[in-house]
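The sequence and the model are shown first, and the commentary follows.

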Amino acid sequence: MEKQNRAAAVVVTYNRLELLRQCVQALRNQSAACDILSVDNASTD
């Protein structure tokens, strides 16, 4: 069985919606599979 490269990313954000979108998109574009956990630190946006 072939071993897959996997990664996990924890992204903490506070009132940075556009930067969060860019960050998540960059993570999704990686060649390795990536689990993404976004932590919203009580943002208003």
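Which residue forms a salt bridge with Glu-18, and how far apart are the closest N and O atoms? The partner is Arg-21, and the closest N and O atoms of the pair are 3.7 Å apart. A salt bridge here is a side-chain nitrogen of Lys or Arg within 4 Å of a carboxyl oxygen of Asp or Glu.

The model is predicted: local features need pLDDT of at least 70 and side-chain atom pairs count only at pLDDT 80 or more, while totals for chains, interfaces and linings use all residues. Residues are numbered from 1 along each chain as its sequence is written, and side-chain values use heavy atoms, with hydrogens and water left out.

**Overall architecture**

The chain contains 1 helix and 2 strands, and along the sequence these follow the pattern β-α-β. Helices (H or I, at least four residues) and strands (E, at least two) are DSSP runs, numbered from the N terminus. The C-alpha trace spans about 45 × 15 × 10 Å along its principal axes. Of the 45 residues in the chain, 13% are buried; buried means under 20% relative accessible area, exposed over 50%, and partly exposed in between (1.4 Å probe, protein chains only).

Strands E1 and E2 run parallel and are joined by 8 bridges, where pairing requires that DSSP finds at least two bridges between two strands. Between E1 and E2 the chain passes through helix H1 (residues 17–28), and this β-α-β crossover is right-handed. That term applies if, with the strands pointing away from the viewer, the path from the first strand over the helix to the second runs clockwise. Within the strand pair, Ala-7 stands opposite Cys-34 in E2.

**Salt bridges**

The whole structure holds 2 salt bridges. Side chains of opposite charge can pair when their charged atoms come close.

| Salt bridge | Closest N and O atoms |
|---|---|
| Asp-35 with Arg-6 | 2.8 Å |
| Arg-21 with Glu-18 | 3.7 Å |

Asp-35 is partly exposed, at 45% relative accessible area. Arg-21 and Glu-18, by contrast, are 3 residues apart in helix H1 and are therefore separated by about one helical turn. Arg-21 counts as exposed at 51% relative accessibility, and Glu-18 as partly exposed at 45%.

**Cysteines**

A disulfide is a pair of cysteine sulfur atoms within 2.5 Å, and by this rule the count is 0. The nearest cysteine sulfur to that of Cys-23 belongs to Cys-34, 9.1 Å away.

**Loop contact and surface patch**

Asn-15 is placed in the loop between E1 and H1 and is partly exposed, with a relative accessible area of 23%. The C-alpha atoms of Asn-15 and Ser-43 are separated by 4.9 Å, although the two residues are 28 residues apart along the chain.

On the surface, Val-10, Val-12, Leu-37 and Val-39 form a nonpolar patch with about 360 Å² of accessible area together. Strand E1 (6–13) and strand E2 (33–40) are the elements that give two or more residues to the nonpolar patch. Patches are made of residues with over 30% relative accessible area and no salt bridge; like charges are joined within 9 Å, and nonpolar side chains (Val, Leu, Ile, Met, Phe, Trp, Tyr) within 5 Å. Accessible areas come from the Shrake-Rupley method with a 1.4 Å probe, and for residues only the protein chains shown count as cover. Val-39 lies in strand E2 and is partly exposed, with a relative accessible area of 34%.
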